[in-house]
Amino acid sequence: MPDVSITGEGVGKSYGTTTALKGLDFSVNKGEIFGFIGPDGAGKTTLFRILTTLLLPGSGKVSVEGYDVVKDYRILRRILGYMPGKFSLYHDLSVEENLRFFAGIFGVDVHENYHLVKDIYSQIEPFAKRRAGKLSGGMKQKLALSCALIHKPVVLVLDEPTTGVDAVSRREFWEMLLRLKSGGITIVVSTPYMDEAMRCDRVALMQQGSIMTTGTPQEIIAAFPRKIYRIKGSGILDILRLTRNMKYIRSAELFGDAVHISTENTDQAPTAGEISQYLSAQGLSGHTIKEVVAGIEDCFIDRMKQQPDKHE
Amino acid sequence: MNEAEEKNGKVIEAVELVKRFGNFVANDRLTFSVQRGEIFGFLGANGAGKTTAMRILCGLSKPTSGKIRVAGYDVYTQSEKIKQRIGYMSQRFSLYEDLTVWENFRFFGGIYRMKSALIRERADRMLGRLGILELRDTVIASLPPGIRQKLAFSIAILHEPEIVFLDEPTGGVDPVTRRQFWEMIYEAAASGITVFVTTHYMDEAEYCNRISIMVDGKIEALDTPEQLKKTYNAGSMNDVFLKLARRNEEQKKE
């Protein structure tokens, strides 16, 4: 059994009549990167605010490193690093002033702890005198991460750190997280972007306040229960319309310039050849179809469709 | 559509577009064109110059030099004509949250001087198509992000523009909604509306017919996603993007 860093049991939270979290159970191991993957409104931010002692759970229990988030919040705040989704540093303070401020709050010395953030902070150090509000998205993100790390947290909680950041900065950010992980820190991260799930050790797929499934990305993909075909060709809207009318087709969705079709788990489900024949018979020739391995997005979509209380 | 545009089917045509702010060159001789009904992806890292170029194409900012026509009109002298013929949607701002769905339709339709009856007819058709007619009198603030996004797109094309500009339209929504959203975009394109879209997310680039990638104010690559992946020997658009951006950083270091 791996050592556990965070456990949640029946964690619920409501705002008035809106239920944000519907009794979540989860556990995060020490030293892993654990991702909560889900769209806006899934409850990720509410959960993270509970984990970081900024919000009381409505029901259930959460402990981090053996400390209760309600009772032991003072201790927890010393050992947690938190990077909120919204840029929350002081816009009017310079880069170095922000770092000094956060070090000061935690009663640590910037120079003593500089080695903790050196990798990341050195990239923005040339702009040390610039006001934080004037930084680019990628640089803001690096500063926020530096400020969350300067007091040497045991657990790092990152709420959508890559939203609105370009592909190059995103890549660099994940490389930084992997280096931090090798230093032994436990990292909990949320993202609406499915491709980032693949970079986590384990993930929980979230939707509308519930966890749909938890596991390594590989486990989740391996558990995908049906076949997926990828169809490419001109007249993509016609392909969608026609295949949705076929029997034993569970879903037909756009994936880039192709259509992904998943079939029901039955012997009567059409094969690639049969789908292709059908399309040709309807006057759509020149398309290609092949079976593909499910990606994490296919898994997410499939599980969303199992949810009975969808509003859209 | 006017005569100049009718001739060659190009809805956007930019030749050597330059925009300078003081000594800083934000757009460095951009040359590209977009065909009617095309879905054109405009990609680039933060600060590459996408927003500057997009503002010029929307008639909101004048270029320093270059020849640019949008919907057949000149960006220097006919920007008001351009504004009437385009639609715009961004994730940052799209709908008035304190107004109801219908009030937003009426407001934006009014801006384009559409007659009330026409606004009502199109709004009902669009809401019916989305299966949310019953939300007509609901305040936007109480709607989930996915529905808001589809409404924002519907309203951006309410006046049936020739081109709709989408500035990072799809952040934060679930994958099913995102696909439904792209299906709406494909339908708009099939009806003849040209779609010009910026995004940070490279998997979205795969939905576009053609893509340009800007690095440091220049267009470094412009082609179909398929061809770009071949040219750069990359498995995904993300890899293409990283190769281009990295190559440029290495050149700078030398």
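In chain A of this predicted model, four strands make up an open sheet whose order is β12-β13-β11-β14, with antiparallel pairing. Its edges are formed by β12 (249-255) and β14 (288-292) of chain A, each of which pairs on one side only, and the twist from one strand to the next averages 25°. Within the sheet, β11 (residues 228-232) of chain A pairs with β13 (residues 258-263) of chain A over four bridges in the antiparallel sense, and A:R230 has A:H260 in β13(A) as its bridge partner.

| Helix of chain A | Residues | Strands of chain A | Angle |
|---|---|---|---|
| α9 | 272-281 | β11, β12, β13 and β14 | about 35° with β11(A) |
| α10 | 296-304 | β11, β12 and β13 | about 135° to β12(A) |

The domain assignment divides chain A into domain 1 (4-218) and domain 2 (228-293), and the C-alpha centres of these two domains of chain A are 40 Å apart.

Between the chains, 35 residues of chain B contact 35 residues of chain A, and the area buried between them is about 3,000 Å², with carbon and sulfur atoms giving 56% of it. Five salt bridges are found across this interface, and the side chains of B:D239 and A:R171 meet in a salt bridge at 3.9 Å, N to O. On the side of chain B that touches chain A, at least two residues each come from α6 (145-156), α7 (175-190), α8 (202-205) and α10 (237-253) of chain B, and α7(B) gives the most, with ten residues.

Conventions: Residues numbered from 1 in each chain as written. Chains lettered and ligands numbered in written order. Predicted model: local features only at pLDDT ≥ 70, side-chain atom pairs only at ≥ 80, totals over all residues. Heavy atoms only, no water. Domains from an automatic or database assignment. Pairing = 2+ DSSP bridges. Axes fitted to C-alpha atoms, helices over the stretch in contact; angles between N-to-C directions. Contact = heavy atoms within 4.5 Å. Buried area = accessible area lost by both parts, 1.4 Å probe. Salt bridge = Lys/Arg side-chain N within 4 Å of Asp/Glu carboxyl O.
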